[in-house]
Amino acid sequence: IAMRKKGASIRDIEARLRIRKSTLSGWLKTIRLSQKQKIILFNKWKMALVSARLAAVAWHNKQKLNRLKQAESEAQDVLKNIDCENPVILELALSILYMREGFKNSITGMGNSDPMILKLFIAILTKNFNIPINKFRCELHLRADQNPSQIKQWWSKELGIPLNNFLSVSIDKRTIGSITYPTYKGVCIVRCGSVAIQRKLMYLSKTFCQKVINQRARSSIGRAS
């Protein structure tokens, strides 16, 4: 009671004397704090709340970092068993990528805003299909406030494709008046011309997916029986 009259919080008294909060609440309910004491306790409560939130954020960030490290370690374990120089593995990887991102019409091509995806596309085509880098043709789809010349040079450097191979630039007029994030470099479309490659990749990806699905179905039937 003496501590409470001096302005101590119930939490502080509980921690110091090891008396249950429910018990203290009954004992101290008739004690009235001054306005000054209430302000001091309120400010302490706010500081404690901020500290608790910062501690929670730090804990969550640490847990997230641990999960990311675990994911990286597991991915490295998988990559140890993959020969990234094997043309069969490379072609299968490209076919799966192409099934999602590639053009399905009468030409082999792909468009994306992520240079890594297009770099992989170009790298496997040059390695597996012996397509010279100067045979690739590109076009850009940009927003209204982007500089076509600068963006063209950026993509040319990123992909290692000659600047002269960038044939056209399209501007989306719907974006007039809006600001583009500096990290966004538009969509680059890369074509290599051969429809035969597109047909092979599409057949390979669909057949592979169906084969995996069929194997799973057979395994399920076997377990059921």
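Modeller: Helices (H or I, at least four residues) and strands (E, at least two) are DSSP runs, numbered from the N terminus. This is a predicted model, in which local features need pLDDT of at least 70 and side-chain atom pairs count only at pLDDT 80 or more, while totals for chains, interfaces and linings use all residues. Residues are numbered from 1 along each chain as its sequence is written, and side-chain values use heavy atoms, with hydrogens and water left out.

Colleague: How is H6 oriented relative to H7?

Modeller: The axes of helix H6 (residues 115-128) and helix H7 (residues 148-159) come within 10 Å and cross at roughly 50°. Because angles under 35 degrees count as roughly parallel, over 145 as roughly antiparallel, 65 to 115 as roughly perpendicular and the rest as oblique, H6 is to H7 oblique.

Colleague: How many nonpolar residues are there in the contact of H6 with H7?

Modeller: In H6, Pro-115, Leu-118, Lys-119 and Ile-122 are in contact (heavy atoms within 4.5 Å) with Trp-154, Trp-155, Glu-158 and Leu-159 in H7. Two residues of this contact are charged and none is polar, while the number of nonpolar ones is six.

Colleague: Which element gives the most residues to the largest nonpolar core?

Modeller: The largest nonpolar core has 29 residues, and Cys-188 and Val-190 have the most contacts inside it. Helices H5 (87-101), H6, H7 and H8 (195-224), together with strands S2 (137-143) and S4 (187-191), each supply at least two residues of this core. With six residues, the element that gives the most is H6.

Colleague: Is Ser-205 buried or exposed?

Modeller: Ser-205 is found in helix H8, and, leaving aside its neighbours within four places in sequence, it is in contact with Ser-95, Ile-96 and Met-99. Its relative accessible area is 0%, and since buried means under 20%, exposed over 50% and partly exposed in between (1.4 Å probe, protein chains only), Ser-205 is buried.

Colleague: How far apart in space are Met-202 and Met-99, C-alpha to C-alpha?

Modeller: Met-202 also lies in helix H8, where it counts as buried at 11% relative accessibility. Leaving aside neighbours within four places in sequence, Met-202 is in contact with Tyr-98, Met-99 and Lys-104. Although Met-202 and Met-99 are 103 residues apart in sequence, their C-alpha to C-alpha distance is 6.0 Å.

Note on methods: Axes fitted to C-alpha atoms, helices over the stretch in contact; angles between N-to-C directions. Nonpolar A, V, L, I, M, F, W, Y, C, P; charged D, E, K, R; others polar. Core = buried A, V, L, I, M, F, W, Y, C linked by side-chain atoms within 4.5 Å.
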